[in-house]
Amino acid sequence: MPLNMNLIKRWGNNWHSKAPIDYLYARNQWSEENRRELVVALKVLPANVNLGYHDWKNWIIDSVNGHSVADFDEFAQLMETNKSDFVELRDRSGYRMVLDAAEAQEQEPLILQTYHIPQRHSQGLFSQLANKEK
């Protein structure tokens with residue numbers, strides 16, 4: 001999801017001392033020329049495809065398969081159009097999460113069902129992206 005003040009303020013009135021330090025530091029990066037918006041993985045939902053990453057949370061994603069992410073729309077497009085065998089998500093510190101793309105796609109219905117997620121992405125997300133490109 002996009003990192004914004006609404007997300008940071010979910011830590012309550014004392015968000016400035018309770019929100020993840022990476023989020024607070026990241027507020028200074030929001031206005032970078034090549035970075036319109038930061039993308040965050042709030043929590044990795046445990047599944048066989050992401051073993052080893054189950055405890056990752058509040059992680060700021062910098063790139064997808066080596067391509068720097070400018071905003072959430074670009075992140076979603078990179079994930080949706082991936083043709084590689086693997087998806088590599090990386091942060092600015094060099095930590096990376098590598099997922100088998102085919103296995104992730106195969107396990108998606110079970111993951112959605114297990115966690116009671118009604119759909120794989122917000123309705124209209126990719127139609128909004130198509131309209132932006134026009």
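Is R120 buried, exposed or partly exposed? In this predicted model, R120 has a relative accessible area of 45% and is therefore classed as partly exposed. The views below begin with the whole chain and then turn to individual residues.

**Figure 1. Overall fold of the chain, with 6 helices and 7 strands.** In sequence order the elements run β-α-α-α-β-β-β-β-α-β-β-α-α. The radius of gyration is 15 Å, close to the 14 Å that the globule rule gives for 134 residues, so the chain is as compact as a globular protein of that length. The C-alpha trace spans about 40 × 40 × 30 Å along its principal axes. Of the 134 residues, 36% are buried. Among contacts between residues at least 6 apart in sequence, 49% join residues at least 24 apart.

**Figure 2. Surface and charge of the chain.** The structure contains 7 salt bridges.

Figure 3. With a relative accessible area of 18%, N58 falls under the 20% limit and is buried. Leaving aside residues up to four places away in sequence, N58 touches W11, P20, Y23, V40, A41 and L42.

**Figure 4. Salt bridge between D62 and R92.** The closest N and O atoms of the pair are 3.3 Å apart. This pair links distant parts of the chain, 30 residues apart: D62 lies in the loop between β3 and β4 (63-64), and R92 in the loop between β6 (86-90) and β7 (96-100). D62 is buried, at 16% relative accessible area, whereas R92 is partly exposed, at 47%.

**Figure 5. Salt bridge between R120 and E80.** The closest N and O atoms here are 3.1 Å apart. R120 sits in the loop between α5 (101-114) and α6 (125-133), while E80 belongs to helix α4 (residues 72-80); the two are 40 residues apart and link distant parts of the chain. E80 is partly exposed, with a relative accessible area of 36%.

**Figure 6. Salt bridge between E108 and R120.** The side chains of E108 and R120 meet at 3.0 Å, N to O. E108 is in helix α5 and R120 in the loop between α5 and α6, 12 residues apart. E108 is partly exposed, with a relative accessible area of 25%. Elsewhere, salt bridges that share partners join R35, D62 and R92 into one network.

Conventions. Residues numbered from 1 in each chain as written. Predicted model: local features only at pLDDT ≥ 70, side-chain atom pairs only at ≥ 80, totals over all residues. Heavy atoms only, no water. Helix = DSSP H or I, 4+ residues; strand = E, 2+ residues; numbered from the N terminus. Rg over C-alpha atoms; globule rule 2.2 N^0.38 Å. Buried < 20%, exposed > 50% of the residue type's maximum accessible area, 1.4 Å probe, protein only. Contact = heavy atoms within 4.5 Å. Salt bridge = Lys/Arg side-chain N within 4 Å of Asp/Glu carboxyl O.
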